[in-house]
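Visitor: Got a structure here I'd like to go through. Can you take my questions as they come?
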Amino acid sequence: MAGLCGWFTGPGGTAIDPQVIAPMTRRLARFDDATVRVAAAAFGGVGVAVARGDVADLFAGAGKLVAVWGSPALTGEGKAHGSEPLGPAAIAEHHAQEGPALFARLTGSFAIAILDAGRGEALLAVDRMGTRPLGYGVQGRTLLFGSRFDALEALVTPRPEIDRQAIFDYVYHHMVPAPDSIHAGFCRLQPGEYVALRDGKVTTGRHWQMRFTEDDVRTVPELKDEFFRVVKDSVRRAAAGGAVGAFLSGGTDSSTIAGLLGEVTGEAARTYSIGFDAAGYDEMAYARIASKHFGTRHHEYYVTPDDVVAAIPLIAAVHDQPFGNSSAVPAYFCARMAREDGVATMLGGDGGDELFGGNERYAKQHLYSLYSDLPPALRRLIGPVAFALPALGVAGKAQRYMRHAMQPMPARYENYNLLERLGAGNVFTADFLATVDREAPRAALARRYDETGAATLINRMLALDFKYTLADNDLPKVSGSCELAGVSARYPLLDDAVVEFSARLAPRMKLNGTRLRWFFKEASRGFLPEAIIDKTKHGFGLPFGPWLHAHAGMRAIAMDSLSDLKQRRIVRPEFIDELTTERVRAHAGYYGSMVWVLMMLEQWFRQHHDAGARGARPAAIHTVAPDAAAFASRTA
């Protein structure tokens with residue numbers, strides 16, 4: 001993974017010993033053995049460093065430090081996507097002329113820190129889709145930042161307290177959504193966001209936000225050539241430098257990347273797939289179809305329950321916040337297989353569903369909208385008649401449909417949220433709930449949904465998922481798993497040119513009735529095998545629930561984790577007992593996901609929070625409020 005870290009102390013702040021930069025930087029390369037080049041400088045309360053694993057570099061001069069992780073390029077002035085990457089010295093020069101406005105003209109995957117002692121200003125920014133993480137916090141008049149929160153621990157005394165609201169949000173979402181973090185007083189930049197510190201005050205702003213064009217009338221034949229040219233160019237850019245491979249699940253996105261990778265490199269693409277010896281979870285057959293079709297050098301591995309048990313603490317360790325997406329396990333073994341094969345960079349197909357309309361919930365919400373979008377007078381006529389009938393058979397289904405349909409978006413989106421269904425009062429202790437806002441996750445979703453500016457349901461859902469599904473979930477999953485395996489991750493479908501192309505597609509091109517990713521599939525006919533175009537979406541799901549019953553080692557690590565979690569006074573012990581007996585026995589696949597989420601919460605505490613020796617009693621969790629003055633100007 002590599003990354004960057006550092007600090008900026010404004011006038012009147014306490015100086016920091018520059019020697020602490022070395023242990024900060026080593027923590028950036030803790031898992032992937034990235035070459036730690038401590039390219040650090042410190043003067044006037046300013047310090048920064050980069051660890052070179054992927055692309056990272058640093059410039060120091062004239063009282064200014066600029067650290068760049070990634071490959072930003074400049075648009076405008078006749079420059080197109082894919083122009084030569086802009087190095088830190090050039091960024092320093094442009095910043096001197098443009099200030100924060102520079103970020104709006106940058107494309108590519110990047111995290112940037114600009115520390116200007118002359119102006120007394122620090123600026124941090126991440127790319128449009130949030131492919132490279134960057135966290136920050138303020139202590140006194142000092143801004144601390146890093147690609148990993150654990151890199152900041154060398155500077156933070158005492159250790160940051162755990163934010164209870166973040167724990168609640170984690171159990172709700174199975175991750176902690178940005179801008180919040182598990183550490184009280186520390187935040188993460190959201191996609192397309194920058195943060196500035198000046199005169200002790202922190203402000204945030206957007207340098208980019210998705211804008212949809214919703215009235216395009218072009219047809220599939222008119223758009224097909226442009227689509228493949230844009231995606232092929234993005235794969236070519238992602239494949240530049242070093243030995244490259246591709247994840248291959250057998251879905252449309254990974255198969256497209258694999259096929260184009262072979263075209264741009266002029267040789268058989270190296271592809272890697274994971275399977276499970278569990279009914280309903282194995283999709284290796286589709287990966288083999290894609291591999292045969294494109295003539296890839298294909299590699300397979302079947303993950304076992306023993307593999308999962310061994311990986312659980314590693315997955316918890318590589319994520320600097322609690323992370324409950326169990327697909328991180330197969331992603332890790334896939335990336336590890338590639339590393340053992342000599343691959344340095346893996347290409348993922350992440351983003352295709354969110355850009356082109358591929359998630360099943362989009363079709364479901366469209367069906368609900370057929371009723372919710374009816375004129376109110378017509379709903380008032382239909383409703384009383386339907387609900388006057390006995391709630392049996394077709395009438396019962398109609399009543400349930402209408403109840404769901406009348407929930408406002410995006411609350412309706414969370415209809416199947418596991419915590420919502422179980423009830424927060426049943427899951428958490430009363431003392432814990434007294435310190436959190438139960439409505440905060442829904443309120444944050446609603447704010448994000450409303451601010452998209454899109455006129456259509458599908459585009460509003462896509463914009464919501466850019467953050468919650470991609471930036472907060474799928475990208476950390478793949479990037480973290482690759483870091484753990486010692487390879488880099490790149491995402492061709494999140495190339496800015498591909499994102500802009502998708503924004504111009506008419507809504508019906510993404511969701512045509514209930515037909516998902518309609519344009520992508522129609523444009524791919526003749527390129528992808530028909531079996532893959534027509535397959536039902538699946539993914540790298542982990543059969544944790546079924547294996548929890550059958551494998552003693554998996555039951556042992558789960559029960560041991562949940563036993564310790566009881567002592568933290570977060571989750572009701574009675575709920576854990578009920579979950580691991582009655583509920584999991586009745587519906588292993590469904591309730592097994594909650595076992596995984598809670599288990600990974602405890603595993604995160606063990607790896608990151610508990611300071612005592614092995615066997616020490618798990619600590620009860622307390623919290624402190626963030627520095628109100630430092631964060632008073634933060635935007636939501």
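This is a predicted model: local features need pLDDT of at least 70, side-chain atom pairs count only at pLDDT 80 or more; totals for chains, interfaces and linings use all residues.

Visitor: Switching to charges. How many salt bridges does the count come to?
Guide: The count is 34. One of them pairs Arg517 with Asp253, with the closest N and O atoms 2.4 Å apart.

Visitor: Where do Arg517 and Asp253 lie?
Guide: Arg517 is in the loop between β21 and α20, and Asp253 is in helix α5, so the pair ties together parts 264 residues apart in sequence.

Visitor: Are those two buried or exposed?
Guide: Both Arg517 and Asp253 are buried.

Visitor: What about Asp341, which residue does it form a salt bridge with?
Guide: Arg270, at 3.7 Å between the closest N and O atoms. Asp341 sits in the loop between α8 and β18, and Arg270 in strand β16, 71 residues away.

Visitor: Why does Asp341 count as partly exposed but Arg270 as buried?
Guide: Buried means under 20% relative accessible area. Asp341 is partly exposed because its relative accessibility is 25%, while Arg270 is buried because its value is 16%.

Visitor: Last one, Asp116. What does its side chain reach?
Guide: The backbone nitrogen of Arg119, at 3.0 Å. Asp116 is in strand β8 and also touches residues including Phe8, Lys64 and His95.

Note on methods:
Residues are numbered from 1 along each chain as its sequence is written. Side-chain values use heavy atoms; hydrogens and water are left out. Helices (H or I, at least four residues) and strands (E, at least two) are DSSP runs, numbered from the N terminus. A polar contact is a pair of N or O atoms within 3.5 Å; within protein, one must be able to donate a hydrogen and the other to accept it, and residues adjacent in sequence count only if both atoms are side-chain atoms. Contact means heavy atoms within 4.5 Å. A salt bridge is a side-chain nitrogen of Lys or Arg within 4 Å of a carboxyl oxygen of Asp or Glu. Buried means under 20% relative accessible area, exposed over 50%, partly exposed in between (1.4 Å probe, protein chains only). Lists of a residue's contacts leave out its neighbours within four places in sequence.
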